[in-house]
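Dear colleague,

My notes on it come after the sequence and coordinates.

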Amino acid sequence: MIRFAAFSAVALLTLSACERRDEPAPTPAPATPVSPPQTTPAAADPNALTSDGLGPARIGMTRAELVQVWGEDSQPNAVGGPDPETCDEFHPTKAPADVRVMIQNGVLTRITAAREATVKTDRGFGVGEDGMAIKQAYGGAVFAQPHKYEPAPAEDLFVWSRGGSTAYVVDPAARGLRYEVGADGKVKAIHAGDPSIQLVEGCS
């Protein structure tokens with residue numbers, strides 16, 4: 001009897017061990033994926049010169065709207081265009097240094113950063129930059145034309161953000177930049193706005 005009880009105990013222990021061996025190993029919990037750190041894209045510089053404007057001055061606003069944000073003509077007694085009611089160019093009192101505006105039929109159509117201007121475009125280019133660097137930065141998006149009055153390497157570099165073409169642009173909804181490069185190969189002015197950026201003699 002004692003021998004039977006001992007045998008039964010051994011049998012139970014053996015069976016229990018077998019059952020433990022047959023149990024599948026617990027599946028490890030899946031590793032929680034680690035998300036890469038979130039980076040916030042750099043915001044566009046609100047003070048950069050773009051084809052749509054500069055700061056609060058936006059292409060397409062009326063002269064009255066422009067005066068509200070940048071003030072009146074800083075030299076009201078200076079001679080403007082031949083027909084100021086149709087087209088006029090001037091430096092508003094609150095505009096950045098050496099930045100001129102063009103008003104055509106009461107609407108802001110062009111902003112020009114001239115020789116002493118320190119503003120930069122949204123690509124980081126300003127007056128005094130090397131024309132070749134601009135070509136390299138924009139690649140196939142830049143359209144070069146010979147300068148009307150100066151010998152090469154003087155040229156006009158057009159970059160249209162919308163509505164542009166290699167021909168003369170007339171669509172009033174078109175917007176672009178024109179980098180005016182002088183005979184020394186350096187940018188001497190930047191024009192931003194609608195098709196009026198193609199005008200080479202002020203309003204003509």
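Predicted model: local features only at pLDDT ≥ 70, side-chain atom pairs only at ≥ 80, totals over all residues.

Aromatic pairs

The structure contains four aromatic pairs. In one of them, the ring centres of F125 and Y179 lie 6.2 Å apart with the planes at 90°, so this pair is edge-to-face. Because F125 belongs to the loop between β6 (107-113) and α3 (131-138) and Y179 to strand β9 (residues 175-181), the pair ties together parts that are 54 residues apart in sequence. Y179 also pairs with Y138: the centres are 5.9 Å apart and the planes stand at 50°, so this pair is tilted. Here helix α3, which holds Y138, is tied to strand β9, and the parts joined are 41 residues apart in sequence.

F125, Y138 and Y179 make up one aromatic cluster. Relative accessibility is 10% for F125, which is buried; Y138 is buried at 11%, and Y179 is buried at 0%. R123 is placed over the face of Y138, 4.5 Å from the ring centre.

Sheet and loop

Three strands form an open, antiparallel sheet in the order β1-β2-β3. Its edge strands, β1 (49-50) and β3 (57-58), each pair on one side only. Two bridges link β1 to β2 (residues 53-54), and T50 stands opposite G53 in β2.

P96 sits in the loop between β4 (87-90) and β5 (99-104) and is partly exposed, at 29% relative accessible area. Beyond its neighbours within four places in sequence, P96 contacts L54, W70, H91 and V119.

With kind regards

Terms used: Residues numbered from 1 in each chain as written. Heavy atoms only, no water. Pairing = 2+ DSSP bridges. Helix = DSSP H or I, 4+ residues; strand = E, 2+ residues; numbered from the N terminus. Buried < 20%, exposed > 50% of the residue type's maximum accessible area, 1.4 Å probe, protein only. Contact = heavy atoms within 4.5 Å. Phe/Tyr/Trp six-rings, centres within 6.5 Å; stacked < 30°, edge-to-face > 60°. Lys NZ or Arg CZ within 6 Å of the ring centre and 35° of its normal.
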